[in-house]
Amino acid sequence: MHCDTLWYHANLITVDGPGLGVIEDGVIAATDGRIVHVGAAGSADHLQPGQRIDVGGRWISPGLIDCHTHLVYAGNRAGEFQQRLQGVSYADIARAGGGIVSTVRATRAASEADLLAASLPRLDAMLAEGITTLEIKSGYGLTLADETKQLQVARELGRQRAVEIVPTFLGAHAIPPGREAQEYIDEVCNVMIPAVAAAGLAEAVDVFCENIAFSAAQAEQVFVAAQQHGLAIKIHAEQLSNQHGAALAARHGALSADHIEHLDADGIAAMRRAGTVAVLLPGAFYFTRDTTLPPIAELRAAGVPLALATDSNPGTSPLTSPLLAMNMAATLFRMTVEECIAGFTREAARALGRQDRIGRLAVGLDCNLAVWDIEAPADLVYRMGFNPLHARVMRGQPV
Ligand code: NIG
Ligand code: FE
């Protein structure tokens, strides 16, 4: 039987099954961008490949998936970082008209071309570490025109680079300056969500449910509107306080609840029942010097799927390294090597509703690969600030 490409002399981290699903000295084959065979050396002798690639004993994992980023924005918040070094808190800065709203001002002032130029180096840093799928949220425009501009730039990033971009509408990220929360949420629900859905600009809708942002009742209003327009839902929940947002989102069938440092037992139970993924964001935990750990052991015991992401954003996680995020998850959250790697592959795919198409090395899935110059899977999590990526493959094509 013919296949397009066969990679051989490869150690495979298939992430297919409960653990890492390692196959030492394995082979993987693709045709038309899809995986058609995965197995041990010698298992592909019936295949006649158009091209054979000797991987030289390196390791192949699924291409990494970052399921939570705010990658498209203008300006930066290094000044606020310096203020925080003097003891001012993230919430204080937000209440004083800085924080998210300061990035909103810069993003509104930027043209599409400016935003694209600002975002491309961040995307390139991600790709250099093996990312093949990246979610990008809007949320720094807070008007229909400015949110649309951000989502269009997100889409354009996917045209300019070999990567799959998953756009999420986060109009309910902050109360725009000069507006009142409820009146703005009504506009998000009655005007912005219908327009974004009609233009096909986003797959999902996210909301920041927090005492400095939107209430659980307002989040629920957003979920109802999103679902009326056929969009999936996600939530920034329980980051600074317990608003019971994760349980609410789970009851509405949310794909994921993200941050969740202050999640309680009811929230865990609701997430488990709904299959809502817990997206843990160690970069934001680290950068804000949070001291409330997410309830990892309880989530694990309940069998809630655990994904990891960079939360790349200018305020709480100016991070463009999935590998460093894995190291932080292990060091700060005591997540295992298996959980860290699955968190950026199989479980991240689940958080994007793509578990049947990406995130594992299995027959029928997209052939998105990261090829690593490492001696064992743990090397990906263990090292800090070192990038062992050897090659990236997107839908069967080396890129
Ligand atoms: O994921 N929590 C809200 N949103 C971002 C922060 C965005 C910002 O500060 O600009 C987060 O941490
Ligand atoms: Fe975020």
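Select Gln239 and ligand 1: a polar side-chain atom of Gln239 is 2.9 Å from a nitrogen atom of the ligand. That counts as a polar contact, meaning a pair of N or O atoms within 3.5 Å; within protein, one atom must be able to donate a hydrogen and the other to accept it, and residues adjacent in sequence count only if both atoms are side-chain atoms. Taken alone, ligand 1 exposes 320 Å², and the protein buries 100% of that; such areas come from the Shrake-Rupley method with a 1.4 Å probe, and for residues only the protein chains shown count as cover.

The model is predicted: local features need pLDDT of at least 70, side-chain atom pairs count only at pLDDT 80 or more, and totals for chains, interfaces and linings use all residues. Residues are numbered from 1 along each chain as its sequence is written, chains are lettered from A and ligands numbered from 1 in the order in which they are written, and side-chain values use heavy atoms, with hydrogens and water left out.

**Around the ligand**

**Thr133**

Move to strand β7, residues 131–137, and select Thr133. Strands are DSSP runs of E, at least two residues, and helices are runs of H or I, at least four, numbered from the N terminus. Is Thr133 buried or exposed? Thr133 is buried, at a relative accessible area of 0%; buried means under 20%, exposed over 50%, and partly exposed in between, with a 1.4 Å probe and protein chains only. Leaving aside neighbours within four places in sequence, its contacts include Leu64, Asp66, Glu164, Leu352 and Asn368, a contact being heavy atoms within 4.5 Å.

**Glu347**

Helix α14, residues 346–351, holds Glu347. Glu347 is buried, with a relative accessible area of 7%. Beyond neighbours within four places in sequence, Glu347 is in contact with Val277, Pro305, Leu306, Ala307 and Ala342.

**His252**

Finish in the loop between α8 (245–251) and β11 (256–259), where His252 is found. Its side chain makes a polar contact of 2.8 Å with the side chain of Glu220. For scale, the C-alpha atoms of His252 and Asp311 are separated by 23 Å.
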